[in-house]
Amino acid sequence: MNEQLISLTKPPAKQIIETKPKANKNLPFVSWSNTVQQLLATVGNFSWKKVPGSDLFDNEGKIEASVWELTVDEIDGKGPYSVQSTGDYDGMKNQTQGFRAQVIEANAFRRAASKLGVNLCLYSTKGYENPDAYVIHEYLKSQNGKDLRNDP
């Protein structure tokens, strides 16, 4: 069965979707804390760590991006699964290095979780501009009971 995978790909509840102005649009996103809740509720404990040596700095020496790795023990009885994602700083100027690092980590976490299906619809539909572009959740529900992974 693919119950956890189906749950991971389920679009988020409307009440946890926030918007953030970016690229002259109000793009929907789900906070890192709600993303953590969705992940914990579906797969339980997970590991989250920064990839050593992955920090990138801007011309002023301020942290601008880093790569993080998310590992879950299993999804539907198979695993472990590890995904990496880059987080970047897309906030206000003149923030502390610590604040910038927090934003970078949160961005990387949301992106990494999306690689496991969490809130993926927000990325694949360009923020709900084209909801018909998000098909994986309904497809997985229709294929439930069939093992869709290519793991050995």
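Two residues are in contact when heavy atoms of theirs lie within 4.5 Å. Keep that in mind for the first stop; the model on screen is a predicted one.

**Stop 1: Thr71**

Select Thr71, which sits in strand β5. Leaving aside residues up to four places away in sequence, Thr71 touches Phe46, Ser47, Pro80, Tyr81 and Ser82. Now show the side chains of Thr71 and Ser82: a polar contact of 2.6 Å joins them. Is Thr71 buried or exposed? The cut-off for buried is under 20% relative accessible area. Thr71 has 16%, so Thr71 is buried.

**Stop 2: the aromatic rings**

Select Phe46, Trp48, Trp68 and Phe109, which ring pairs link into a cluster. The model has four aromatic pairs by the rule used here. Look at Trp48 and Trp68: their ring centres are 5.1 Å apart and the planes meet at 15°, so this pair is stacked. Trp48 belongs to strand β3 and Trp68 to strand β5, so the pair ties together parts 20 residues apart in sequence. Trp68 is buried, at a relative accessible area of 12%.

Next, turn the view to Trp48 and Phe109. This aromatic pair is edge-to-face, with 4.9 Å from centre to centre and 90° between the planes. Because Trp48 lies in strand β3 and Phe109 in helix α3, the pair ties together parts that are 61 residues apart in sequence. Both Trp48 and Phe109 are buried.

**Stop 3: helix α2**

Select residues 32-43, which make up helix α2. How far apart are the end C-alpha atoms of helix α2? The distance is 16 Å, which agrees with the 16 Å that twelve residues should span at 1.5 Å a residue.

Colour the buried residues of α2: Asn34, Thr35, Val36, Leu39, Thr42 and Val43. What covers these buried residues? The cover includes α1 (3-9), β2 (25-30), β3 (46-50), β5 (63-72) and α3 (97-115).

**Stop 4: Ser33**

Go back into helix α2 and select Ser33. Ser33 has 32% relative accessibility, so Ser33 counts as partly exposed. The side chains of Ser33 and Ser31 are joined by a polar contact of 3.1 Å. To finish, select Ala106 as well: Ser33 and Ala106 are 73 residues apart in sequence, but their C-alpha atoms are 8.8 Å apart in space.

How values were computed: Residues numbered from 1 in each chain as written. Predicted model: local features only at pLDDT ≥ 70, side-chain atom pairs only at ≥ 80, totals over all residues. Heavy atoms only, no water. Helix = DSSP H or I, 4+ residues; strand = E, 2+ residues; numbered from the N terminus. Expected span 1.5 Å × (residues − 1). Buried < 20%, exposed > 50% of the residue type's maximum accessible area, 1.4 Å probe, protein only. Polar contact = N/O pair within 3.5 Å; in protein donor to acceptor, adjacent residues only side chain to side chain. Phe/Tyr/Trp six-rings, centres within 6.5 Å; stacked < 30°, edge-to-face > 60°.
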